[in-house]
Amino acid sequence: MKGALAVAAGGTLAACGTEGTKQSEASCVSDDLSSTEKKLAFSNWPQYMDVDEKDESKRPTLEAFQSSTGIQVTYTEDVNDNDEFFGKVRNQLANCQSTGRDIFVLTDWMAGRVIRLGWIQKLDKAAIPNVQANLLPSLRGRSFDSGDEHAVPWQSGLSGIAYNGAVTGEVRTVDELLTRADLKGKVTCLTEMRDTMGLLLLSNGHDPNKFTEAQFDDALEKLKRAVASGQIRRFTGNDYAPDLAKGDIAACIAWSGDVLQLTAENEKIQFVAPDSGVMLWSDNMLVPNKATHKANAEKLMNYYYEPAVAAELAAYVNYICPVQGAQEEITKIDPELATNPLIFPDAATLGRTKAFMALDEAQERTYTQKFQQAIGS
């Protein structure tokens, strides 16, 4: 994760042993069949594509892409958690085998891991001129992809607190979330270590972008106490959203775009940026090794960086839009969205955001093991 304040990813997936065999362009060569096969397999997170409100089986921008290019897209929402998805594809990618996908979308730190492992194909910049022209300056030259050669931001977002006002009062702080008696057993936190622990570090007055192991351990103890007391019901990926909407949980650590989508249907569901700060991240389109439709994938990337298309997508998903020019275009769709700081953040909002510190392999192994033990993973 980590958007405009992106950090490098590193490390080892502790729960699954070694992370996998490194590859290179020389050791794992991919053939592109795009000139003869007009198709594309795209794996994404749930609720991350615009849908026709009258017919939920239709995805307007994706269908327009297919119509204009003749490329048929198999679109699958099978990314629910970065580590979980890594587990799905690691064996194939480590062995230079196809994952059956031409694009998948991963958060900054996991994108950094698979790039470092040599599992991602370099993009042809000449094939994505809209990306070159319209990518926000703050998302260029990120440390895990300094040459902008592998990863194209799909959307960015904030990690903070959400609550359902139909079942609880306002929740303003992480400490309230983890200790308030009326929330006991009605709270979820994210399985994404950098989101959950980043917010806990901030709540303790520490900077997630520069912290010591002792400070991490102190924040982790706060989390452990909330687990032991029964305050936290469970740890989730994207699947917290329907529970929050139904009122099965009262409050949670959440992603801003998910909550804005829920708020559109139920205004009692609210996103809160704690005064202590929020976490900022991006999810990125990547073309894995052995994907056989790279040029088709690049056409899709380029298409979604047309400001009018980006605006249509942003108007539905409600995450931070990474495309310059989209804010002007979205005023034609919904002027209120153009001024929403959770979609187009101003300097003040960005000033309260933090990224999680870059971790080397040893640090990621240590912190991931500690976190997974604490959450019972």
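Domain bounds, on which the following description rests, come from an automatic or database domain assignment. For this protein the assignment gives domain 1 (28-150 + 287-305) and domain 2 (157-280 + 357-374), and the C-alpha centres of domain 1 and domain 2 lie 28 Å apart. The structure is a predicted model, in which local features need pLDDT of at least 70 and side-chain atom pairs count only at pLDDT 80 or more, while totals for chains, interfaces and linings use all residues. Residues are numbered from 1 along each chain as its sequence is written, and side-chain values use heavy atoms, with hydrogens and water left out.

Taking contact to mean heavy atoms within 4.5 Å, 10 residues of domain 1 are in contact with 12 residues of domain 2. The size of an interface is often given as the accessible area lost when the parts come together. Here the buried area, which is the accessible area (1.4 Å probe) that two parts lose on being put together, summed over both, is about 970 Å² between domain 1 and domain 2, and carbon and sulfur atoms give 30% of it. On the side of domain 1, Q47, N80 and W109 lose the most area to domain 2, together 53% of what that side buries.

Between the two domains there is also 1 salt bridge, a term that stands for a side-chain nitrogen of Lys or Arg within 4 Å of a carboxyl oxygen of Asp or Glu. The side chains of R113 and E364 form a salt bridge with an N to O distance of 2.4 Å.

Salt bridges can then be followed through the structure, which holds 21 of them. In one of these, the side chains of R142 and D108 meet at 3.1 Å, N to O. Helices (H or I, at least four residues) and strands (E, at least two) are DSSP runs, numbered from the N terminus. Because R142 lies in the loop between α4 (129-134) and β4 (152-164) and D108 in helix α3, the pair ties together parts that are 34 residues apart in sequence.

Rings of Phe, Tyr and Trp (its six-membered ring) pair if their centres lie within 6.5 Å, and planes under 30 degrees apart count as stacked, over 60 as edge-to-face and the rest as tilted. By this rule a search of the whole structure finds 17 aromatic pairs. The rings of F235 and F371 have centres 6.5 Å apart and planes at 85 degrees, so this pair is edge-to-face. Since F235 lies in strand β6 (residues 232-236) and F371 in helix α15 (residues 361-375), the pair ties together parts that are 136 residues apart in sequence.
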